[in-house]
Every structure is written in C-alpha cells, then in structure tokens.
Amino acid sequence: MTGQRGLFISVDGPGGSGKSTVAALVAARLARHGLAVRQTREPSPTPLGQLIRAGTDDYAGMALACLVAGDRHHHLAAEIRPAVAAGQIIICDRYLPSSLVLQRMDDISWDVILQLNQGADQPALAVILNGSPAVIAARLAARGRHSRFERQPGSSQTESDLYTDTATRLAEAGWPVCTVDITTRSADQAAMIVTDRILALHADANPEQP
C-alpha cells in the first residue's frame with residue numbers, strides 16, 4: 001500500500017440512522033478490495049472522548065461544545081491526519097456535521113460552532129445518513145436511547161430536519177456531501193452506495209495504482 005494517497009471519510013446522521021453499522025460495513029467492503037482502512041469515531045477513543053460520551057447529561061451548551069471541539073482537534077492531530085498521510089482510508093463515525101446538529105440542539109449557533117472548530121479538516125467525503133423521522137424514531141426506540149439528545153421529545157424529527165439543513169449548508173460551502181436516504185434502504189444497501197463513492201474517490205486520488 002506504500003505510495004497510495006489516503007482519504008478521510010466522515011459518517012453522520014440522526015441517532016438510529018445506522019451510522020456505526022454502515023461505517024463498519026463500508027470498512028469491510030473496502031478491505032475486501034485490498035485497501036488499507038482504519039475505523040475511528042467521535043467522541044474519540046481517548047480519555048477526553050470517553051468523558052464526553054459518558055457526560056452528555058453533565059455537560060451542555062458551550063461547555064459541551066468546547067469539549068467536543070477540543071476532542072476533535074486532538075483527534076485530527078493524533079489519529080486522522082497521520083492515518084491519511086500513511087495512505088489509509090480512515091472512516092470516522094461522527095464528525096463536524098454532528099456538532100452542527102447536536103450543538104444547535106443545545107442552543108449554540110452555527111457560526112459559534114464553526115469558530116470552535118476552525119481549522120478542522122474537510123473530509124474527502126462527508127456521508128450523511130438521513131430519512132423519514134418516523135422510521136428513524138422506530139429504529140432508535142428498538143436500539144435504545146443513549147444520550148440526552150436522543151431522549152428529547154421529538155428528537156428524531158429535530159435531528160432529521162437539522163441534518164437536512166446541515167447537509168445543504170455544507171454543500172453550499174463546498175463540502176463534498178453524500179446524503180443517503182435510509183428510509184427504505186438496509187444498512188448493507190447504504191454501505192454499497194457509500195463504498196462505490198469512496199472507491200471512485202480512491203481511484204481519482206491514485207490514478208497510477210492498479
């Protein structure tokens with residue numbers, strides 16, 4: 001794999017949209033193509049990330065937004081950028097789009113969230129899974145509601161609407177957004193769509209590779 005150019009891929013969406021499942025399926029599909037793949041997540045698998053993941057009931061508003069942004073800046077420096085520089089495809093389960101949804105649910109403005117995350121890398125592909133709020137809510141109920149965001153009344157509708165808005169605004173800002181409607185698609189079908197997009201990006205980035 002030496003000499004290949006890496007890619008940074010983010011996967012975001014409302015609670016219950018299947019982010020973790022789709023990310024794992026995409027990674028497995030890419031590995032079967034012989035590509036070097038690394039999976040990660042946000043909050044990151046570090047002590048700070050674990051604190052955030054366990055602390056959404058304890059931290060809110062600006063305090064949580066700052067913790068999440070700090071974790072992201074460290075995550076980029078310590079794991080994501082080195083993996084891309086080493087030629088790996090790194091797939092991150094949640095990234096900045098999630099902050100632009102969840103922190104807005106916590107009454108932090110779009111502009112302030114962007115300021116806190118200034119310097120955060122733009123992914124080669126920002127995947128956003130979304131769909132019917134009713135379907136997402138049913139999947140979330142079956143899985144279990146973990147964070148205080150997911151326990152809010154009408155959270156699936158709110159998240160779905162905010163992800164739609166976020167996808168539009170990021171695309172207008174030049175982000176390579178890939179929105180996948182999971183209303184009637186299985187996780188495997190969604191993963192096939194995402195995998196095909198990543199394979200095309202990898203081929204474009206590495207035209208001389210077999």
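This is a predicted model: local features need pLDDT of at least 70, side-chain atom pairs count only at pLDDT 80 or more; totals for chains, interfaces and linings use all residues.
Residues are numbered from 1 along each chain as its sequence is written, and side-chain values use heavy atoms, with hydrogens and water left out.

**View 1. Gln 4 and its polar partner, His 202.** Start with Gln 4, in the segment before strand S1 (7–12); strands (E, at least two residues) and helices (H or I, at least four) are DSSP runs numbered from the N terminus. Gln 4 is buried, with a relative accessible area of 12%; buried means under 20%, exposed over 50% and partly exposed in between, using a 1.4 Å probe and protein chains only. Its side chain makes a polar contact with the side chain of His 202 at 2.7 Å. A polar contact is a pair of N or O atoms within 3.5 Å; within protein, one must be able to donate a hydrogen and the other to accept it, and residues adjacent in sequence count only if both atoms are side-chain atoms.

**View 2. The two faces of strand S5 (residues 177–181).** In a regular strand the side chains alternate between the two faces of the sheet. Strand S4 (residues 125–130) pairs with S5 in the parallel sense over five bridges; pairing takes at least two DSSP bridges. Look for Leu 129 opposite Val 180.

**View 3. Helix H6 (residues 133–143) meets helix H8 (residues 155–172).** The axes, lines fitted to C-alpha atoms over the stretch in contact, come within 8 Å and cross at roughly 125 degrees. Angles run from 0 to 180 degrees between N-to-C directions. H6 and H8 are therefore oblique to each other: under 35 degrees counts as roughly parallel, over 145 as roughly antiparallel, 65 to 115 as roughly perpendicular and the rest as oblique.

**View 4. Helix H4 (residues 96–105) and H8.** These axes come within 9 Å and cross at roughly 130 degrees, which makes H4 oblique to H8. Residues in contact (heavy atoms within 4.5 Å) include Leu 100 of H4 and Leu 162 of H8.

**View 5. Gly 49 in helix H2 (residues 47–54).** Gly 49 is buried, with a relative accessible area of 0%. Leaving aside neighbours within four places in sequence, Gly 49 is in contact with Pro 43, Ser 44 and Asp 71.
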